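Happy to go through this one with you.

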Amino acid sequence: MAGVIDSYLASLQRDLDFDPALARRLTEEVESHLRDAAEADPAWPSDDAERRAVERFGLAREIAAQFAADAVAQQSRRTWLTVIAAVVMTFVAMRLRVMWLSDIEITAASLAPFVDRYAFAAAIAVATVGWFAFRSSLLPLAVCLVGLAASIAAGFVRADLFTGGAPLHVLLPAAAEVALVGLLAWRVVDLGRRVRRTENLKGIGT
Amino acid sequence: MLKGHLDAIVLAALEGAPAHGYAIIETIKTRSAATFDLPEGTVYPALHRLEQAGLLESDWVTPPGGRRRRVYSLTKAGVGALAERRKSWGRFSQAVEAMLQGRRAWPA
């Protein structure tokens, strides 16, 4: 039968499943802490000594929730940095497309130029407001992501990039902006997953 | 309230010498005369956070015949951060003291 400390470590490892490397490191660290604490108990060796050590340590899910909340804050900072990089790259690629477009006949007499410009402007506006007022919310990040993706797609239609034939100085920045927006999408999804996990860990404790 | 100052308390506990998590908790209990009776596990998220911020560094150490433990020590940035937190705590505690004692503002 597993001891009290072993059971506790198993549940801590389960609750830290959002970061396997952290789970491995912390489990080993906590094990040495709990064994030190149990050995310092007058009733050692006994299950009571282990139980008291575990009780003083605190609930595994509450400790995991603190780690999860820190991870959310860190991932949120990374996501906002990616927003800045994606906005800058989209702007540069957009300007290069416009310069190139002025040399050719614009075939897409559609909504594309409007979407290209205003979806980008909307993305910047939402990101700015989100940064100052709702930095911990996922919504401005998601809206900004949609705005940038719409602007890029419209820019591609506008410059006829889907059918090929564009010069390298237009294609390379376009590839970079797609890569950055892809990275942003991944970060937003990952942040959402971490936020849900944190809420779940905190919710169990209440 | 204690949670808001936990990072500074952990930095202060490591000021004298490098230590592992259990020893840090013991130092906090001893130096606060058991006033800070927080769950021992709460020190680990703080240690991790401070290490991520570059204020602490850590390494696994196995003493002869002993148990393998992760030992934390202050970095240069950590020493600076502790000095800064001491200063701001001094200002804050003086202000609270002045308010609670009904005194006029302390010297700026």
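This is a predicted model: local features need pLDDT of at least 70, side-chain atom pairs count only at pLDDT 80 or more; totals for chains, interfaces and linings use all residues.

A:Pro45 is found in the loop between α2 and α3 of chain A.

Q: What makes the bond between A:Trp44 and A:Pro45 a cis peptide bond?
A: The omega angle gives the answer: at about 0°, the peptide bond that joins A:Trp44 and A:Pro45 is cis.

Q: What is noted about the phi of B:Ala33, and where is B:Ala33 found?
A: B:Ala33 has a positive phi, about 50°, although the residue is not a glycine. Its place is the loop between α2 (21-31) and α3 of chain B.

Q: Why is the pair A:Arg35 and A:Asp6 called a salt bridge?
A: The N to O distance between the two side chains is 2.9 Å. The cut-off is 4 Å between a side-chain nitrogen of Lys or Arg and a carboxyl oxygen of Asp or Glu, so the label applies. As background, side chains of opposite charge can pair when their charged atoms come close.

Q: What does the pair A:Arg35 and A:Asp6 tie together?
A: A:Arg35 belongs to helix α2 of chain A and A:Asp6 to helix α1 (residues 4-15) of chain A, so the pair links parts that are 29 residues apart in sequence. Over all chains, the structure holds 19 salt bridges.

Q: How do you know that A:Asp36 and B:Arg69 form a salt bridge?
A: Set the value against the cut-off again: the side chains meet at 2.7 Å, N to O, and the limit is 4 Å, so the pair qualifies. Between chain A and chain B the count is seven salt bridges. There are also 14 residue pairs in polar contact between these chains, both residues at pLDDT 80 or more.

Q: Which helices of chain A supply the side that touches chain B?
A: α2 (20-39), α3 (47-57) and α4 (60-101) of chain A each supply at least two residues. The largest share comes from α2(A), with 11 residues. By kind, the residues of this side are seven nonpolar, five polar and eight charged.

Q: What makes chain A and chain B count as being in contact?
A: Contact calls for heavy atoms within 4.5 Å, and 20 residues of chain A meet 23 residues of chain B on that basis. The buried area is about 2,000 Å², with 50% from carbon and sulfur atoms. On the chain A side, A:Arg25, A:Glu29 and A:His33 lose the most area to chain B, together 30% of what that side buries.

Q: How do you know that β2(B) and β3 of chain B are paired strands?
A: Pairing needs at least two bridges, and six bridges join β2(B) to β3 (residues 69-74) of chain B, with the strands running antiparallel.

Q: Why are β1 and β2 of chain B said to stand at the edges?
A: The open, antiparallel sheet has three strands in the order β1-β3-β2 (chain B). β1 (19-20) and β2 (56-61) of chain B each have a single partner strand, so one side of each is left without a neighbour in the sheet.

Q: What lies across β2 and β3 of chain B?
A: Helix α3 (residues 43-52) of chain B does, at about 115° to β2(B). Chain B comes to four helices and three strands, in the order α-β-α-α-β-β-α from the N terminus on.

Notes
Residues are numbered from 1 along each chain as its sequence is written. Chains are lettered from A and ligands numbered from 1 in the order in which they are written. Side-chain values use heavy atoms; hydrogens and water are left out. Buried area is the accessible area (1.4 Å probe) that two parts lose on being put together, summed over both. A polar contact is a pair of N or O atoms within 3.5 Å; within protein, one must be able to donate a hydrogen and the other to accept it, and residues adjacent in sequence count only if both atoms are side-chain atoms. Ala, Val, Leu, Ile, Met, Phe, Trp, Tyr, Cys and Pro count as nonpolar, Asp, Glu, Lys and Arg as charged, and the others, Gly among them, as polar. Axes are lines fitted to C-alpha atoms, for helices over the stretch in contact, and angles run from 0 to 180 degrees between N-to-C directions.
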